[in-house]
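Please keep the sequence and the model at hand while reading.

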Amino acid sequence: EVRERTRMLPDKSYFLVAKDYNNNVKGVAVIDYLDRPMESNKPVGSGVAYLEYIAVDKNVRRSGLGTRLFWEGVKRIHSDGYYPSSAVSDIAKVDDHVDGLDVDAVLSRLRFAQNRGAQVVTNVDFKVPTHTHHREIPAYLLITKLKDDFHFDKWYLRGVIYSLVYDVFRWDRDVSQKRADELFDDIASSMTGKEVSLVDPLSVF
């Protein structure tokens with residue numbers, strides 16, 4: 001059990017900062033590389049990239065800076081010898097109980113996702129675990145293909161969900177292990193009997 005949890009830690013975390021000519025910060029991004037499970041028959045370095053956080057200054061929005069930060073993060077991962085099949089991310093759905101998640105904000109994030117080639121996974125009740133572990137927020141799960149031979153199916157999706165859930169819950173292993181198991185089972189069971197697919201972000205809103 002300890003070995004299982006340990007191997008789900010990010011192999012690498014990449015923190016990117018974009019500054020203007022006056023050294024003012026205009027954008028930041030955090031991208032993790034999560035390796036495939038040890039029992040996988042795929043080679044080491046063929047896991048997924050996870051876009052953990054990205055933000056740009058309001059004065060440079062729609063300039064392409066966010067997309068450039070994303071692809072620069074992927075480039076950094078490649079430079080370290082990792083070649084993930086895809087990049088995954090999540091966008092919290094509209095929620096009256098979460099500040100800043102109004103319709104316009106969520107729509108703007110979906111547009112950004114579409115601009116960087118991401119697609120939304122359908123027919124899965126994905127939830128983002130919070131670091132306090134007091135609740136989980138319903139969210140869209142997004143996939144950006146990074147390889148021409150990328151193959152999307154339920155087995156791939158289960159592995160991605162497992163990686164994401166345990167990546168967040170790693171911060172509080174002893175308290176959160178049971179809840180991590182419950183959340184993974186809950187999300188995975190939502191796919192039972194359903195056809196999962198990838199669609200353009202704006203089509204789900």
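R116 sits in the loop between helix 3 and strand 5; helices (H or I, at least four residues) and strands (E, at least two) are DSSP runs numbered from the N terminus. This is a predicted model, in which local features need pLDDT of at least 70 and side-chain atom pairs count only at pLDDT 80 or more, while totals for chains, interfaces and linings use all residues. Residues are numbered from 1 along each chain as its sequence is written, and side-chain values use heavy atoms, with hydrogens and water left out.

A salt bridge requires a side-chain nitrogen of Lys or Arg within 4 Å of a carboxyl oxygen of Asp or Glu. The side chain of R116 does make a polar contact of 3.0 Å with that of S89. A polar contact is a pair of N or O atoms within 3.5 Å; within protein, one must be able to donate a hydrogen and the other to accept it, and residues adjacent in sequence count only if both atoms are side-chain atoms. Leaving aside residues up to four places away in sequence, R116 touches L51, T67, F70, W71, S89 and T144, where contact means heavy atoms within 4.5 Å.

Helix 3 covers residues 103-115, and its 13 residues should span 18 Å at 1.5 Å a residue, which agrees with the 18 Å between its end C-alpha atoms. The expected span is 1.5 Å times one less than the number of residues. Within helix 3, A105, V106, L107, L110 and A113 are buried. Their cover includes strand 4 (86-92), strand 5 (119-121) and strand 7 (136-145). Just after helix 3, G117 has a positive phi of about 85°.

Helix 2, residues 65-79, has 15 residues and reaches 21 Å from first to last C-alpha, close to the expected 21 Å. Its buried residues are L65, G66, L69, F70, G73, V74 and I77. These pack against strand 1 (12-19), strand 2 (25-34), strand 3 (48-56), strand 4, helix 3 and strand 7. Just after helix 2, G81 takes a positive phi of about 90°.

The whole structure holds 5 salt bridges. One of them pairs D80 with K12, with the closest N and O atoms 3.8 Å apart. D80 is in the loop between helix 2 and strand 4 and K12 is in strand 1, so this pair ties together parts 68 residues apart in sequence. D80 is partly exposed at 37% relative accessible area, and K12 is partly exposed at 34%.

R76 and E72 are 4 residues apart, about one helical turn. R76 is partly exposed at 36%, as is E72 at 28%.

E182 forms a salt bridge with R179, their closest N and O atoms lying 3.2 Å apart. Both belong to helix 5 (residues 173-189), 3 residues apart, or about one turn of the helix. Salt bridges with shared partners join E136, R179 and E182 into one network.

Conventions:
Buried means under 20% relative accessible area, exposed over 50%, partly exposed in between (1.4 Å probe, protein chains only).
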